[in-house]
Amino acid sequence: MLQRLSKIVYNHVGVIELAEDLDIETVTEIFIRVNSAGVPLSQADFAMSKIAVNEKYGGHLIRKAIDYFCHLAKAPEVASTIEKNDPEFAGSEFWPAMRWLAEVNDPLYVPTYTDMLRVAFTFEFGRGRLQDLVALLSGRNFETKQYEEAIAEESFAKLKSGVHAFIKKTHFDRLTMILRSAGFVTADLISSQNAVNASYILYLRGRREGVPADELERLVRRWYVMSILTGRYSGNLESTFDVDIRQMEAQGLVRYAESVIENEIPPTFWTGMLPQLMNTSSGQSPYFIAYLAAQARLGDKGFLSTNITVRDLLLNRGDKHHIFPRKYLQKQGLSRSRYNQIANFVMAQSEINIAIGDKPPEVYFREILEQVNGGPKRYGGITDPDTLRQNFEENCLPMSLLNGEVPDFETFLTERRRLMALRIKRWFEVL
């Protein structure tokens with residue numbers, strides 16, 4: 001093994017030499033294509049390499065700031081290692097600005113370097129395509145098609161400013177506070193990192209434009225929810241970012257954001273499209289996540305709980321209970337994609353979930369009705385019909401169940417999707 005390793009010095013490393021007069025678009029395309037045979041490298045990878053090699057304008061420190069911040073967000077305990085092993089960076093202006101992250105044990109938003117680059121660049125430069133960042137850091141003048149050192153210097157200065165805006169504790173804390181205030185109380189409920197990135201850009205731009213704090217917070221909450229419900233940043237990502245940031249500048253941030261929200265989520269969305277989109281068994285579905293966030297924000301109680309809220313259950317890993325029990329539906333021949341429909345889930349305390357077990361719904365719903373009419377307590381602490389009715393409303397259960405009428409499974413799913421969509425609508429209206 002050691003003999004084979006010693007022969008590594010004789011291995012040839014392929015080198016591709018590029019003509020010095022190639023434009024940045026051609027170089028970028030070559031970069032992407034050469035690396036597509038292995039692990040594909042992105043425009044963000046290219047940008048990071050461009051940043052790192054430029055010590056003249058402090059690119060090496062900007063690169064480290066991005067890498068270290070993302071690392072700290074995942075593993076706060078590495079702070080002391082950074083200080084010990086990289087005294088140059090620890091003595092730079094960046095380290096005091098991000099050292100606070102070492103004290104955060106449960107971050108809601110854990111950015112990658114691509115996320116950080118995208119937010120810093122789009123916020124500061126008013127552009128959404130990372131290939132433009134590479135061009136600007138190279139000194140590209142988009143009007144003359146020439147390369148100018150002054151543009152490169154200015155671009156590094158602007159990127160540095162954008163990174164500082166991203167890592168500032170006040171900004172980062174306010175963004176996560178806004179998300180939590182909407183009901184996204186755990187990292188498990190963050191289903192779209194790009195939607196968070198877009199919301200951060202919106203927040204930073206709003207602060208720069210002097211949008212009043214209350215108005216800006218409401219706008220960011222609604223923009224994020226609109227983004228996940230419509231999949232705004234799941235397609236042609238860079239084009240969408242580019243259009244959004246340019247239109248924010250052209251029309252004004254508040255005016256543009258409000259018009260997009262209104263157009264993307266018309267009144268018919270809640271009763272037409274959303275119930276159809278909720279016909280899914282994906283636990284990571286943005287529609288199910290939005291529903292859970294809605295319950296957390298609205299203060300809804302867990303299924304059959306008197307005091308424990310859905311927020312409590314989400315923070316303490318409560319159970320996702322099958323309303324029509326899984327084994328009960330399996331015995332009827334239903335597949336996983338049917339019995340795990342999101343409309344068949346409620347958040348419940350473990351003891352309630354265990355007590356119900358595999359009982360047919362017509363059995364345990366009858367026992368629930370007996371419980372609130374003076375019968376034995378089997379499921380939770382609800383003992384009166386009015387409290388049970390409120391609990392059913394908060395958990396979007398058909399009121400027919402209160403009359404002992406248990407619909408067939410498919411009819412139940414259809415009705416519950418409708419009720420869940422209306423619950424999300426109520427939440428969106430109060431955000």
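Helix α8 passes helix α12 in a right-handed crossing, where right-handed means that the near helix is turned clockwise from the far one by less than a right angle, and left-handed that it is turned anticlockwise. The structure is a predicted model, in which local features need pLDDT of at least 70 and side-chain atom pairs count only at pLDDT 80 or more, while totals for chains, interfaces and linings use all residues. Residues are numbered from 1 along each chain as its sequence is written, and side-chain values use heavy atoms, with hydrogens and water left out.

Two packed helices are described by the angle between their axes and the distance between the axes. Axes are lines fitted to C-alpha atoms, for helices over the stretch in contact, and angles run from 0 to 180 degrees between N-to-C directions. Helix α8 covers residues 113-125 and helix α12 residues 193-209; their axes come within 9 Å and cross at roughly 30°. On the α8 side, the contact (heavy atoms within 4.5 Å) involves Asp115, Arg118, Val119, Thr122, Phe123 and Glu124. These residues meet Gln193, Asn194, Asn197, Tyr200, Ile201, Leu204, Arg205 and Arg208 in α12. The residues of this contact divide into 5 nonpolar, 4 polar and 5 charged. Here Ala, Val, Leu, Ile, Met, Phe, Trp, Tyr, Cys and Pro count as nonpolar, Asp, Glu, Lys and Arg as charged, and the others, Gly among them, as polar.

The crossing of α16 and α24 is right-handed. Helix α16 contributes Trp270, Thr271, Leu274 and Pro275 to the contact, and α24 contributes Arg417, Arg418, Ala421, Leu422, Ile424, Lys425 and Phe428. By type, the residues of the contact of α16 with α24 comprise 7 nonpolar, 1 polar and 3 charged.

Several loop residues were also examined. Thr309 is placed in the loop between α17 (286-298) and α18 (310-315). With a relative accessible area of 16%, Thr309 is buried; buried means under 20% relative accessible area, exposed over 50% and partly exposed in between, for a 1.4 Å probe and protein chains only. The side chain of Thr309 makes a polar contact with the side chain of Asp312 at 3.0 Å. A polar contact is a pair of N or O atoms within 3.5 Å; within protein, one must be able to donate a hydrogen and the other to accept it, and residues adjacent in sequence count only if both atoms are side-chain atoms. Not counting residues up to four places away in sequence, Thr309 touches Gly299, Asp300, Lys301 and Gly302.

Cys396, in the loop between α23 (385-394) and α24, has a positive phi of about 60° although it is not a glycine. Cys396 is buried, at a relative accessible area of 3%. Lys145 lies in the loop between α9 (130-137) and α10 (149-167), and its phi is near 65°, a positive value in a residue other than glycine.

For the chain as a whole, 24 helices and 2 strands are found. Helices (H or I, at least four residues) and strands (E, at least two) are DSSP runs, numbered from the N terminus. Of the 431 residues, 50% count as buried.
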